[in-house]
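The following note sets out some points on the structure shown below. It is arranged as numbered paragraphs, each on one topic.

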Amino acid sequence: MSPRNQPIAPHTKGLSTAISTSGRASSLLSRHSSSLLLFFVFLVVVVVGIFVSRDLRSADAEAQKMYAGSVLGMRRIGNMEYEAQETRRSTFYALSTKDSNLQVKYADQSREADALVTAGISEYLREERTPVELRVGTRLQQSWYAYLQVRDEVLASILEGSIQEAVDRDLKSGVPLFDRVREDLEEINRLYDEQAFQRLANVAATSRRTMLRLAGILGTTLVLAFVSVWAIQTSRVQAALQLAKLQMEFVASVSHELRTPLAVISSAADNIADGLIEGREDQQKYGRAIQNQSHQMAELVNQILLFAAANDRKIPYVLRVLRVSELVDAVLLSTADRVKHSGFTLDLEVAPDLPSVMGDLSALTQCLQNLVGNALKYSGSSRWIAITVSTARSGHGGPMEILIAVQDRGIGIARSELPRVFDPFYRSATVISEQIHGTGLGLSVSKGIAESMGGRLTVASELGVGSTFTLHLPVASPDNLPPQVVDSPSGVRAQQ
Amino acid sequence: MTRLLKVSLLGVAFAGLLIGATAHEFVPGSAASSEGQTPADLNLAIVVNVSNPADKLSTGELRRIFLGERGNWPNGRRITIVMMEPGQPERASILREICQMTETQFNNHFLHGVFTGQLLVSPKTLATPAGVRKFIFNVPGAIGYLRASDVDSTVKVLRIDERAPSDKGYPLHVPPRPSK
């Protein structure tokens, strides 16, 4: 293979691929910025939601602690106060009668009540307590046991019938000891009260924090949602404006493309009508001019119709097993005249023993014809194009593909424009400024065809060096052979 | 003939009454099997507060205590006598076997003693064995009596004349409880 026949050098290809990738990323980012923003909103909501949920759990736990600890504790202390009073009251009841049976009954009541207080104090001391609570609890227990000792003596005196002795003993020791018990119980109650107050403050603080976070999440969500909607609207407006601009440019371009051949045809027709054409040679010359311009116009109109049909998915592609040579021959045949008249050298390199592909011959020919047409159009002064056919695996160890690359050494495509070259109506600023005619539909149509055949169209290019457009087609295999002729949703019809 | 028949019938009826009266008379240790109670249940235990250091008493000491002639325990604690209500078989046993008095004599003894100032305290009267138990539990110097089957850990049983209620030859007995 001569150097001229070689495809773009590997290092150039790598660079171009990198450019293509970064361009694609930036395109994706700009195209999906509103979606990203919405995703970000979702993330923020989830994160703040987690915090709020944690706060609510914490407040709930604090409230439960407050109930289990302070509220129940205060109720228990209330009961203990009541039972302590009952212990004393029953002892006094025993004083009020001389009936031994009743005195024994009151003594029993007093002992039942004191058992409840004793159990309550033990339970209080068994639970997890602060040092202060423990100290007060222990003091209460000591006071209570001391009081019970006096109470037993008082009861004994009452039952013996020594009322005066019982009263004296109670006044001397019972009253002060019971006062101590009461004070200790009140102290514990006060501690519970403080604890409840502290826990209530904690719950209130947690609630305030939760409210702030909720307000934050609502505010953030509203702002971000507003920004998202604004971004979506702006993006839509910009897209609509861009489309409108592209369509305007397209109309201008198409008008220009149609007007030029029409002017030539009109002028030739005028000359013929006015009898200015004499001789066979002139007639042939004018005839070829009219023929060329008509072909050009027809091609332009076809291109537009093809794009419109593809957009409406009205093209019924007929898929069948194709030999690659058959496809290459069709492309060469359809472009031979243009290549020859343009004075181009076309280098063809086809790898041997190529497998067949699955596709529509006419559509694929159209696709490659567009690529060759572009190569001719944008080759500048190099006057060289190459068609290289080879096989390769798709991705890392993917299925086998046929690669048909159309390479030129023309003006190339700027890195920033690579992501958009397949957009319909898109024409680069360089092309417009150099007044290279076109509709901006060829590559879009070719890409659509490639994808309809289960393949893809890629580009590698460097400004001022040249471009390589590669059509990737899946190799026909028993797995992807359609069993019968079908109309696919995208308008593709398959035929075995 | 008719008169002889009437006399015979009266004789039979009287004999029947005598047999009936004899059948209800309490014989220590003999009524156990007929009432379904064990001999220990028919013994009368003398009980004091568990804090009382005394472990035993003689029948004579017991008599002095129940008649209020002894006022204090060896540890100085005042003795409080606990009796069950009149009509109870346990009280009757104590009066008969310890105090050797009738109900009237016992009451008169204490009325006279308190009136003359020879006795300072009269016995406390309780209606039920449970009441006696609880009274004794509450009063460190109390002494009372219970059927052996009514005794529990809240009171302490004294040996009388070196014998516990479960021992053979224990001196205090009580007739079976009347069936309901």
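1. Chain B of this predicted model contains six helices and six strands.

2. Chain B comprises 180 residues, of which 39% are buried. Of the contacts in chain B with a separation of 6 or more, 71% are between residues 24 or more positions apart.

3. The interface between the two chains involves 14 residues of chain A, in contact with 17 residues of chain B. The area buried between chain A and chain B is about 1200 Å², and carbon and sulfur atoms contribute 47% of that area. On the side of chain A, the residues that lose the most area to chain B are A:Asn101, A:Leu159 and A:Glu160; together they account for 44% of what that side buries.

4. Which polar interactions link chain A and chain B? The rule finds three salt bridges across this interface, and the side chains of A:Glu165 and B:Arg78 meet in a salt bridge with an N to O distance of 3.5 Å. Six residue pairs in polar contact are also found across the interface of chain A and chain B, with both residues of each pair at pLDDT 80 or more.

5. Helix H3 (100-126) and helix H4 (131-160) of chain A each supply at least two residues of the side that touches chain B. H3(A) gives the most to that side, with six residues. By residue class, the side of chain A that touches chain B divides into five nonpolar, four polar and five charged residues.

6. Helix H6 of chain A covers residues 279-311, 33 residues in total.

7. Which residues of H6(A) are buried? They are A:Gln293, A:Met297, A:Leu300, A:Gln303 and A:Phe307. An α-helix has 3.6 residues a turn, so residues three or four places apart point the same way. The cover over the buried residues of H6(A) includes helix H5 (163-273), helix H8 (361-377) and helix H10 (442-452), which also belong to chain A.

Methods. Residues numbered from 1 in each chain as written. Chains lettered and ligands numbered in written order. Predicted model: local features only at pLDDT ≥ 70, side-chain atom pairs only at ≥ 80, totals over all residues. Heavy atoms only, no water. Contact = heavy atoms within 4.5 Å. Buried area = accessible area lost by both parts, 1.4 Å probe. Salt bridge = Lys/Arg side-chain N within 4 Å of Asp/Glu carboxyl O. Polar contact = N/O pair within 3.5 Å; in protein donor to acceptor, adjacent residues only side chain to side chain. Helix = DSSP H or I, 4+ residues; strand = E, 2+ residues; numbered from the N terminus. Nonpolar A, V, L, I, M, F, W, Y, C, P; charged D, E, K, R; others polar. Expected span 1.5 Å × (residues − 1). Buried < 20%, exposed > 50% of the residue type's maximum accessible area, 1.4 Å probe, protein only.
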